[in-house]
Amino acid sequence: MLNLFIKRNGMVVRESIHSIDAIAVEADILWIDLLHPSMQEIAYISKTYLLDIPTKEEREEIEESSRYWEDSEAITINTYFLTRPNEENILHNETITFLLARNILFTVRYSEFKVFDEIQQRVLANPKNFEDGFELIAKIFELRVEKDADMLESIAKETRLLRRNVVFDKQLGDEILEKLAILQEMHLSLRDSLFDKRLAITALLRTNKADIQEKKDLSIVLKDINSLVDFANVNMNILDNIQTLFSSQINIQQNKIIKLFTVVTVAMMPPTLIATVYGMNFTHMPELEWEYAYPIAVTMMIISTIVPVIYFKKKKWL
């Protein structure tokens with residue numbers, strides 16, 4: 001489906017096109033949003049506006065030259081936008097393609113994003129704030145970075161809570177480890193998304209197709225991205241610290257268990273020796289004829305068990 005935003009009499013109207021035959025090429029178009037476009041729609045837009053729309057394979061390439069390129073007619077940007085499929089805890093980076101040509105913004109995407117819905121409402125409500133595609137893409141990046149900041153703040157709160165659980169509450173187990181892995185994955189996805197947008201905005205600041213005000217707006221967004229990247233790096237270090245603390249807590253617990261078994265083993269050695277001696281089948285053993293030989297042997301075994309335990313406690317090994 002194609003969503004066209006057309007400037008008419010100082011206003012911007014939205015037209016949802018389900019057939020390429022209904023597109024008016026001569027219209028004063030501000031934005032063409034291709035949502036789940038078909039091959040026919042891609043081919044039509046490419047031919048009509050002389051655009052080289054990247055294929056799915058080209059969209060996913062990570063080389064810098066594949067994420068941004070510019071010629072005399074158009075600018076093409078492939079950049080990550082974060083999405084959370086099925087409201088799960090795992091974040092996923094999906095590539096959105098932006099093309100700027102003839103002062104028109106073309107976007108190619110295969111998922112719904114709240115950012116685009118909000119931008120579309122802003123365009124319809126305040127058309128004077130969006131004169132061309134550059135102003136539009138600057139506002140899209142600005143709003144997306146704001147969403148990323150909110151997401152990073154939420155993840156940071158979860159990170160601090162996890163650290164408190166491990167350090168102060170001494171919580172261990174598979175749930176903590178799973179939560180740690182999820183937070184690390186979310187931070188990596190978020191940081192990759194920020195890096196990718198930083199690359200795109202840095203390249204846009206070098207183009208001569210944007211005016212001074214548009215570059216100023218993009219510069220502000222770039223500063224926000226840099227601060228978010230630093231914040232994400234700090235959180236990544238905290239997660240590494242949590243992982244180290246978690247491993248240390250596991251080692252401490254294991255050492256306690258091993259120490260307990262060691263103490264029990266050592267404490268049981270003297271009574272075992274006594275029982276072994278008096279369990280020998282020798283004919284001439286004077287103690288066998290004693291009337292109180294059995295209770296004496298049992299008492300010796302009990303005492304020989306208690307004495308090592310008392311000694312270990314005095315040494316503060318228990």
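Visitor: In this predicted model, at what angle do α5 and α7 pack, and how far apart are their axes?

Guide: Helices α5 and α7 pack at about 20°, and their axes are 9 Å apart.

Visitor: What makes α5 and α7 roughly parallel to each other?

Guide: Angles under 35 degrees count as roughly parallel. The angle between α5 and α7 is about 20°, and the pair is therefore roughly parallel. Their crossing is left-handed.

Visitor: Which residues make the contact between α4 and α5?

Guide: From α4 come Val115, Phe116, Glu118, Ile119, Arg122 and Val123. From α5 come Leu136, Lys139, Ile140, Leu143, Arg144 and Lys147.

Visitor: How do you know that the span of α8 is close to the expected one?

Guide: Helix α8 (residues 293-314) has 22 residues and reaches 32 Å from its first C-alpha to its last. At 1.5 Å a residue, 32 Å is also the expected span.

Visitor: Which residues of α8 are buried, and what puts them on the same side?

Guide: The buried residues are Ala293, Ala297, Ser304, Pro308 and Phe312. They cover an arc of only 90° around the axis, and therefore lie on the same side of α8. An α-helix has 3.6 residues a turn, so residues three or four places apart point the same way.

Visitor: What do the buried residues of α8 pack against, and what does the face turned away from them carry?

Guide: The buried residues of α8 pack against α7 (212-277). The face turned away from the buried side carries Lys313 and Lys314, which are exposed.

Visitor: Which residue just after α8 takes a positive phi?

Guide: That residue is Lys316, with a phi of about 60°.

Visitor: Why is Asn3 called buried?

Guide: Asn3 is found in strand β1 (residues 2-8). Buried means under 20% relative accessible area. Asn3 has a relative accessible area of 1%, and is therefore buried.

Visitor: Which residues is Asn3 in contact with, leaving aside its neighbours within four places in sequence?

Guide: With those neighbours left aside, Asn3 is in contact with Arg14, Glu15, Ser16, Trp31, Ile32, Asp33 and Gln120.

Conventions:
Residues numbered from 1 in each chain as written. Predicted model: local features only at pLDDT ≥ 70, side-chain atom pairs only at ≥ 80, totals over all residues. Heavy atoms only, no water. Helix = DSSP H or I, 4+ residues; strand = E, 2+ residues; numbered from the N terminus. Expected span 1.5 Å × (residues − 1). Buried < 20%, exposed > 50% of the residue type's maximum accessible area, 1.4 Å probe, protein only. Arc of directions from axis to C-beta. Contact = heavy atoms within 4.5 Å. Axes fitted to C-alpha atoms, helices over the stretch in contact; angles between N-to-C directions. Parallel < 35°, antiparallel > 145°, perpendicular 65-115°, else oblique. Left-handed = near helix turned anticlockwise from the far one by under 90°.
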